[in-house]
Amino acid sequence: MNGSVAGQAAGATGEFAGRQRRQRLLDLGFKSLTQASATLVLACMAGILLSLLVRSWPSLQRFGAGFLWSSQWDPVTEEFGAAAAIFGSIVSTVIAMALAVPLGLAIALFLVELAPRPVSRLVSYAIELLAAIPSIIYGMWGLFVFAPFMGSHIEPALQSWLGFLPLFRGPPIGIGMLSAGVILALMILPFVSAVMRDVFGMVPAVLKEAAYGMGSTTWEVTRKVTVPFAVQGLVGAGFLGLARAIGETMAVTFVIGNSQSISASLFAPANTIPSTLANEFTEATTPLYLSALVELGLVLFLITFLIQLAAQFWLGRLARGRR
Amino acid sequence: MSDTPIPISTTLRSPAAAETAPRSASEAAPASKISVRDLSFFYGEHQALYHNDVEIAPSTVTAIIGPSGCGKSTHIRAYNRIFELYGKDRATGAVLLDGENVLGPDVDVIELRRKVGMIFQKPTVFPQSVFENVAYGLRIHFRLSRAEMAERVEKALRAAALWDEVRDKLSQPGAALSGGQQQRLCMARALAVEPEVLLMDEPTSAIDPVATAKIEDTVQDLKASYTIVIVTHNMQQAARISDYTAFFYGGRVVEFGPTRQIFTKPNQRQTEDYITGRFG
Ligand SMILES: Nc1ncnc2c1ncn2[C@@H]1O[C@H](COP(=O)(O)OP(=O)(O)OP(=O)(O)O)[C@@H](O)[C@H]1O
Ligand SMILES: [Mg+2]
């Protein structure tokens, strides 16, 4: 009798130890799996960087740092400089941000603070749908509908009001830097407003109640409490939009005019790094031409990488600020 | 038979007299700063309060006690109409502040909320400096010179017993203060606009005992000039600081009376059970 009880106990501990061992094994397996995945991501990053470096080596050697500030881009004489494409990328992105950030802010505030529930939900759906439209659709719409409209209405109007600025001189043809910037703004607007809406949604309800409880109007609550509380998240949303805009290819390629030139006029055709790549890869017949294009890609890779780093930094601060 | 004229004259009131009677009753009750009359509350379809009646005298502290979910917060959130931020919720009945129904359609909600300040369970410091937190309501409701502003901020911080601790930190972010200091900062912010009523919803449940004692002391000091309604889960606290106590259960006011009586000779069995810790 006694023996059987002891035997049962021993069996139980044996089973327990077995289960423990199995669990430890499982843990180990899981850990290695996740570690492997994480390493894979890093390896991909390193691999891409490495192959970009290797492939752009001829161009790196030939043009050195001058590649960054020469605006020469001549496949015939094989003189390549990235300045025009970098300039185009930056200016079109700045235009996009200047339009999308304030508009996105207004939309997000409307959705969170002002709109009645059903309206807010409906508009939110619409925004998420818009964000899901492939960029090539934006590009085609831009080419066939939007650019002609810019050329016939918006640009002439801008010229008649603000024509004294060099920014708005030149023939208003609808295809150029301004159209590219506006299309980019339209493309990132849904994304930016959706993220900003979520950021505003993170402001604690009780904080807003306290502000209303002091006798504030909605405007006062928004200006003094909601926006200051959310400001870091809003900057993060801006960065994410920026990263999208600077890497966008198809929509821009359709409307920017693809000209490797730096012009003071926003109406003039221009180019960006991604659209240069998309347009010219098939034409790149010589090794140096190809290498120069790859080096453009390297420049874009580094720019987006820096923007992502900055965004992560801000979002990290946001998370820590929230405790 | 000789005394019949008296009962007859009192029972046979003229219609005019009957009409004025209730009004003069409410006017003749300056004893009440706040009169809650038949207040019911609905979260959409769900009814959370049933026919609440409470009379709150000026310059008193009234404690609201009761088990979780019995409607204490819901009840005081009707006093400043803060529930209106959320579309579908509604209140019926009346909450008279100095005889005027705050639930009425013509009430200036902004002025109402200046007169009826609210302190929440967790400190609700705004993302601004200590000074700006206190100046918040002053900037909204008054036009003050710099000197007046500084003076009123200091006065409010003194009233909340916080001045000595923050006088050198006025330009630091409010969020940098300790939890208890933050709660007193919120009290100072509410006091700065010179309200008449202070509603406090479990103001000490998220802070430590020392800070709690400070806030209780502050409440005692403030009683002379404000009418205070405080929701608390802490029986000792209710007994220590309040003059009147309302016991809520299931959305109803089960018993309301002087705190001493509620805690020593409650009339209702439920009140006694709750206070002695038999449920809740
Ligand atoms: N926003 C809301 N929507 C729907 N029902 C709610 C809402 N807030 C509270 N209620 C319900 O109303 C009732 C009363 O809630 P209330 O928050 O007033 O209770 P309380 O007495 O303050 O509780 P506690 O002591 O836990 O704070 C509860 O049944 C609760 O579920
Ligand atoms: Mg509550």
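Two strands are taken to pair if DSSP finds at least two bridges between them, and helices (H or I, at least four residues) and strands (E, at least two) are DSSP runs, numbered from the N terminus. The model is a predicted one, in which local features need pLDDT of at least 70 and side-chain atom pairs count only at pLDDT 80 or more, whereas totals for chains, interfaces and linings use all residues. Residues are numbered from 1 along each chain as its sequence is written, chains are lettered from A and ligands numbered from 1 in the order in which they are written, and side-chain values use heavy atoms, with hydrogens and water left out.

In chain B, 6 strands form an open sheet of mixed pairing, in the order β6-β7-β8-β3-β9-β10. Its edge strands are β6 (116-119) and β10 (252-258) of chain B, each of which pairs on one side only, and the twist from one strand to the next averages 15°. Strand β6(B) runs parallel to β7 (residues 197-201) of chain B and is joined to it by 4 bridges; here B:Gly117 stands opposite B:Leu198 in β7(B). Helix α3 (residues 72-79) of chain B lies across β3 (61-65), β6, β7, β8 (227-231) and β9 (244-249) of chain B, at about 155° to β7(B), where axes are lines fitted to C-alpha atoms, for helices over the stretch in contact (heavy atoms within 4.5 Å), and angles run from 0 to 180 degrees between N-to-C directions.

A further open sheet of chain B has 4 strands in the order β2-β1-β4-β5, with antiparallel pairing. Strands β2 (46-56) and β5 (100-101) of chain B each have a single partner strand, so one side of each is left without a neighbour in the sheet. Strand β1 (residues 34-43) of chain B pairs with β2(B) over 7 bridges, and B:Tyr43 has B:His46 in β2(B) as its bridge partner. Helix α3(B) also packs on this sheet, touching β1, β2 and β4 (90-97) of chain B, with its direction at about 115° to that of β1(B).

The contact between the chains takes 21 residues from chain B and 18 residues from chain A. The buried area, that is, the accessible area (1.4 Å probe) lost on putting two parts together, summed over both, is about 1,700 Å², of which carbon and sulfur atoms give 66%. The interface counts 1 salt bridge (a side-chain nitrogen of Lys or Arg within 4 Å of a carboxyl oxygen of Asp or Glu), and the side chains of B:Arg77 and A:Glu209 meet in a salt bridge at 2.7 Å, N to O. On the side of chain B that touches chain A, α4 (109-115), α5 (130-141) and α8 (179-192) of chain B each supply at least two residues, and α5(B) gives the most, with 5 residues.
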